[in-house]
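Here is a short briefing on one protein model. Please keep the structure open while you read.

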Amino acid sequence: MDLFNPILDKTKNWLPQDGTVNYYGQILGRKQADFYLKKLLEIIEWRNDEAIIFGKKIITKRKVAWYGDKPFEYTYSNTSKYALPWTKELLELKQLAEQETGETFNSCLLNLYHNGSEGMAWHSDGETDLKKEGTIASLSFGAERKFAFKHKQSKGKVEIFLQHGSLLVMKDTTQTHWLHRLPPTKKVTTPRINLTFRTIEE
Ligand SMILES: O=C(O)CCC(=O)C(=O)O
Ligand SMILES: [Fe+2]
């Protein structure tokens, strides 16, 4: 557990306006978090993501995977994917995210950043098949990385360091008014895995 931050307030809203972001800190113990990092690296069907950026097809260095209750088709960065069936470990982590947040999720997008040279550009998770203003629960494993929010109008910024085995929750109007990104960094030389549990509207 996070011995250096024993009184982290899970109800604190990290955004000053127009949305809600809660950081729960390390909800998994070190050994459990190590177990999931290793396991997910092994069992997940990691693929290089394809995206159409300014009309040009690119292959990202970061790897991705998409799992869910059903083979949902999910359009992300202009590419379509079909969700794979849950694995045992993903179901355990989904249950954990559901217990912590009091919400339910039917799908999960996973990202594997091999080192600090890989990140994710400014975006919001407002795809049309995602439940509007639905909660997104984000679990992180491996290297601690900075996660940043930028308000779409005011350009105001908020930064949070996401620790190994931690949970971050984005909810209500966050995706409407804020962008987020994972900035690249030279300081990180080890992998990080991120799982975002989401709700697809049927
Ligand atoms: O890696 C992260 O922490 C965030 C990933 C993300 O924003 C996304 O998959 O939409
Ligand atoms: Fe995102």
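**Ligand site**
- Ligand 1 is surrounded by L109, N111, M120, D125, S138, F147, H180, L182, N194 and T196. A residue is near a molecule if its C-beta atom, placed from the backbone, lies within 6 Å of it.
- The shell around ligand 1 holds four nonpolar, five polar and one charged residue. Ala, Val, Leu, Ile, Met, Phe, Trp, Tyr, Cys and Pro count as nonpolar, Asp, Glu, Lys and Arg as charged, and the others, Gly among them, as polar.
- Three strands, β7 (107-113), β13 (178-182) and β14 (192-198), each supply at least two residues of that shell.

**Basis of the model**
- This is a predicted model: local features need pLDDT of at least 70, side-chain atom pairs count only at pLDDT 80 or more, and totals for chains, interfaces and linings use all residues.
- Residues are numbered from 1 along each chain as its sequence is written, while chains are lettered from A and ligands numbered from 1 in the order in which they are written.

**Overall fold**
- The protein has three helices and 14 strands. These are DSSP runs, numbered from the N terminus: helices are H or I with at least four residues, strands E with at least two.
- The radius of gyration is 16 Å, close to the 17 Å that the globule rule gives for 202 residues, so the protein is as compact as a globular protein of that length. The radius is taken over C-alpha atoms, and the rule is 2.2 Å times the number of residues to the power 0.38.
- UniProt, in an unreviewed entry, places "domain: Fe2OG dioxygenase" at residues 104-201. UniProt positions follow the numbering used here, feature names are shortened, and annotations may be inferred rather than shown by experiment.
- Residues 104-201 are 4% helix and 50% strand.

**Core**
- Of the 202 residues, 31% are buried. Buried means 20 or more other C-beta atoms within 10 Å of the residue's own, exposed 12 or fewer, partly exposed in between, with C-beta atoms placed from the backbone.
- The largest nonpolar core has 37 residues, and C108 is among those with the most contacts inside it. Such a core is a set of buried Ala, Val, Leu, Ile, Met, Phe, Trp, Tyr and Cys residues joined through C-beta atoms within 7 Å.
- Beyond its neighbours within four places in sequence, C108 contacts residues including Y67, L90 and F197. Contact means C-beta atoms, placed from the backbone, within 7 Å.

**V158**
- V158 sits in strand β11 (residues 157-162).
- V158 is partly exposed, with 16 other C-beta atoms within 10 Å.

Methods. Two residues are in contact if their C-beta atoms, placed from the backbone, lie within 7 Å.
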